[in-house]
Structures are given as C-alpha cells and as structure tokens.
Amino acid sequence: LVGQTVTVEAIVVGDFQNGDGDTARNLGGFWLQEEASDSDGNVLSSEGIFVSYASLGVDVQIGDRVRVTGTVAESFGNTELNATAVTVVEAGAVADVNAMAAAISLPSVGVQTASDGGYVPALEQYEGMLVRFTDTLTITEQFNLDQFGEIRLTQGPRPSSYTVENEASVSGYDAHLRDIASRSIVFDDGRSVSNPNLDDTIVDGDYNASTAPRMGDTITGLTGVLDYDFNEFRVHAVENGVGINDVVSANPRPTTFPDVGGTLKIASFNVLNYFTTLDNGTLTVNGSEPRGAETQAEFDRQTAKLVNTIIALDADVLGLMELENNFIEGSSGNAIAYLVDQLNTPTPSTGCGRARPSSAATRSRSASSTMSPRCASPSTRRSRSSKTATSRPRFLARARSAPSSMVPTPAARRSP
C-alpha cells in the first residue's frame, strides 16, 4: 500500500497535533484506531495508524470519529498516513478511548532487529494502536530523560551486564540482549524537542528532586499509543493525571550510608561532558569537537551545580570523568583547572580557597582526574585525628587521559 492514496475512518486515540493549544504533546499529527466492531480479526495486523497532519485547519480531539484521506508511507520503519484531507465525522464518538487499548504482556514473543542492528520487542502487530502493558515495569534507564524526555522500562528483574554473572560468550551475550529487548519498552514524553521541561510528563506536576523517579521505581499498567521511532518501540501517554501511568517509589534514596570502616572517603563522579570550550561551532584548542554546554549560561549553570555537588560529596579522593581533555597550563580548554579555580574561589563568609590544579598532557577528548581535599568545614566534615578542620574543602587535582577507545561518541540529537 505504500505510495497509494486511501481513505480511512476511525477513532482518534492520541492527539499530538502541533499548534493546537496542547503544548504537552507535539509530534505533528494524531493516532487513529479502528473500533473492535470494525477490526479485521487478524491478530498479526495492527488496527491503528499515525496520521501525519499538516496545517489543514481541523483540530481533532481524543474520541472523535474522523475520516482521513492521504498517502500511505513508511517513515523510518513506522507506517503512517500523510493526510491531504481531514473531516470530523462525529465529535466525541467514544467517551473513554482507554476501553479500546490493546493489552500487552512482556516479554514479547521474540524480538525484531532494528535498522541499527539492535533488538526491539516483537510488537509490530500493535504499532499505531492505543495499548496497555499489563505488567509492573521497572525503570532501568534514564540516560535520555533530560535531553529527549524518555525513560526505559523493563519487565522482570533489572538487567545487568552479561559478564557480571556469566563467562564471556558471543552466543550467550546475543541471547542476553534478546532477552532484555523482549522485556523492555521506552516511555516517551510525546514531544519532538531537545532538553524539554519535564513538568507534567513522566511525573504529574513539577519535576524536581523530590518528585523525580529513581532507577528501580515502577509503573503498572503503562498506557499510551505505541509508536516506532529512532529504532525503538515507544509509548506516548495520551493524557496525564493522578492514576495514569503513576510512578511508584520502589527504590527510595537512602538518607544515611552504611559505616564501612576505614579512614578515607573515596568517590567517583561523571560530570557529563564538562567542557570549557562551548559547543557553538568552534573546536577545542586541540582541534576536537566540543560536546558540553552550548551557551555561557548553560556552562555557568553546569559549573555551579558541579561546585556545589563536589563540596557536598565531602570526599577525600574524588575521581572525575568526562572532562575536556586538555591539561595544558593556562589553556582556555583546561576544564579541570577552571573547575578547581572555581572550587578555590574564596567566599565572603570564609575566605578559604578550596582547590589547587595541576597540569597534564593528553590526546583524547574526554578524560578523568582526581581531586583530594586539603581542608574541611566543621559543619559538614567528620573529624579525623590526622586532619585539622578549617572552613572549606580544598582539593589537589591530578589528571590523566582516557584511552581513545573509551571516549564515548556524541549522542545523536533528535531534530525538532
């Protein structure tokens, strides 16, 4: 059917039009689904489709019966209808579209291979439909939450690296990846923007330190339209509110840490691409592409958060990862020197500096470094017989390059 012009009539089960006053969901169209009475009866074929909707002047709503004429297309593995005409046949034809949701239980029966070679659950027969996952799913990844507004959920036990419990094996590792894929789904905020405001998306109300989900938290009955995009099946919630895709705390943040003995407190901290060279089209001093903050305001915010967090960590030895890999003294790209200078900046209340940098040569773009406190705040630091407490932490910095093979590649950015 690809390339053919067709006319369909079905129920709107997901409203993601742009410019319709609903800023929470903007994917340039809406999802249609046949009612059960109009189903083709084939469990292997989907009853839903995404309508890519240009500016045709018709604002559809969830529950409307709509007639659409358009051209069938495949867009990066997702079947859609490029609309040329949209007519609302009956407004509010279905009062509660949730009754139309297809029930899915993970793990899926088998997996599919995405265009990038990765595995995804075999859910093709539900693509474009309103679905409800009957399982309790666990949050197992939030890497893309801040940039793309998405988290990964997994049925069953939280996955670990294959070699944690197994000897290295090509076939065993492949089976491991297939198992994880069959149990996993992406929960997406339904917006095609980068670095979105996360209020009223994954959580209801404000997204902040007290409401943010933690790894290991759960969602039962995940409901939304099933999309396929960026080589992943993903669920977009069609509505928000109490009782809808609620996150349940299953892994609360500890308020204290166990006493493990010893006299040194050692920590590591991934500072997530701390580059003094802005990512605004320029190259770093050593000729690489920067991958940190894009504006001075973003960089200043990142620096302030890092300084506050490093002080609060109160570690004797702190290993930092993902810094701009330039340790030439006086260089504008020497991120570790800049950071420890900020840590050393005296405050009006204490006058105590906090850190002292050192230099090192490097060849790759990101690196690791180590800091050691040299003084401490009586209010935050435990007493040690070998140290004299003063007013603020001070650090010595030592840096070393990460092997080139260990430097992560820049993440692909979703176009708005």
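Biologist: Which residues of α5 are buried?

Modeller: This is a predicted model, to begin with. The buried residues of α5 are Ala335, Ile336, Ala337, Leu339, Val340, Leu343 and Asn344.

Biologist: What makes helix α5 mostly covered?

Modeller: The count does. Helix α5 spans residues 335–344, and seven of its 10 residues are buried.

Biologist: Why is Phe327 called buried?

Modeller: Buried means under 20% relative accessible area. Phe327 has 1%, so Phe327 is buried. Phe327 sits in the loop between β18 (317–324) and α5.

Biologist: Why is Gln302 called buried?

Modeller: The cut-off is under 20%. Gln302 has a relative accessible area of 16%, so the label buried applies. Gln302 belongs to helix α4 (residues 296–313). A polar atom of the Gln302 side chain lies 3.3 Å from the backbone oxygen of Val271.

Biologist: How do you know that Arg65 forms a salt bridge with Glu90?

Modeller: A salt bridge needs a side-chain nitrogen of Lys or Arg within 4 Å of a carboxyl oxygen of Asp or Glu. For Arg65 and Glu90, the closest N and O atoms are 3.6 Å apart, so the pair meets the definition. The pair links distant parts of the chain: Arg65 is in strand β4 (residues 65–75), Glu90 in strand β5 (residues 78–90), 25 residues apart. Glu35 joins Arg65 and Glu90 in a network of salt bridges.

Biologist: Why is Glu90 called partly exposed?

Modeller: Partly exposed lies between buried, under 20%, and exposed, over 50%. Glu90 has 38% relative accessibility, so Glu90 counts as partly exposed. Arg65, at 18%, is buried.

Biologist: What makes Asp188 and Arg234 a salt bridge?

Modeller: Their side chains meet at 2.8 Å, N to O. The limit is 4 Å, so the pair qualifies. Asp188 lies in strand β12 and Arg234 in strand β15 (residues 232–236), so the pair ties together parts 46 residues apart in sequence. Both residues, Asp188 and Arg234, are buried.

Biologist: How many salt bridges does the structure hold?

Modeller: The structure holds 10 salt bridges.

Biologist: Which residues gather in a patch of negative charge on the surface?

Modeller: Asp200, Asp204, Asp206 and Asp246 do. Asp204 is in the loop between β12 (184–188) and β13 (218–220).

Conventions. Residues are numbered from 1 along each chain as its sequence is written. This is a predicted model: local features need pLDDT of at least 70, side-chain atom pairs count only at pLDDT 80 or more; totals for chains, interfaces and linings use all residues. Side-chain values use heavy atoms; hydrogens and water are left out. Patches are made of residues with over 30% relative accessible area and no salt bridge: like charges are joined within 9 Å, nonpolar side chains (Val, Leu, Ile, Met, Phe, Trp, Tyr) within 5 Å. Accessible areas come from the Shrake-Rupley method with a 1.4 Å probe; for residues, only the protein chains shown count as cover. Lys and Arg count as positive and Asp and Glu as negative; His and the chain ends are not counted. The place of a charge is taken as NZ of Lys, CZ of Arg, CG of Asp or CD of Glu. Helices (H or I, at least four residues) and strands (E, at least two) are DSSP runs, numbered from the N terminus. Buried means under 20% relative accessible area, exposed over 50%, partly exposed in between (1.4 Å probe, protein chains only). A polar contact is a pair of N or O atoms within 3.5 Å; within protein, one must be able to donate a hydrogen and the other to accept it, and residues adjacent in sequence count only if both atoms are side-chain atoms.
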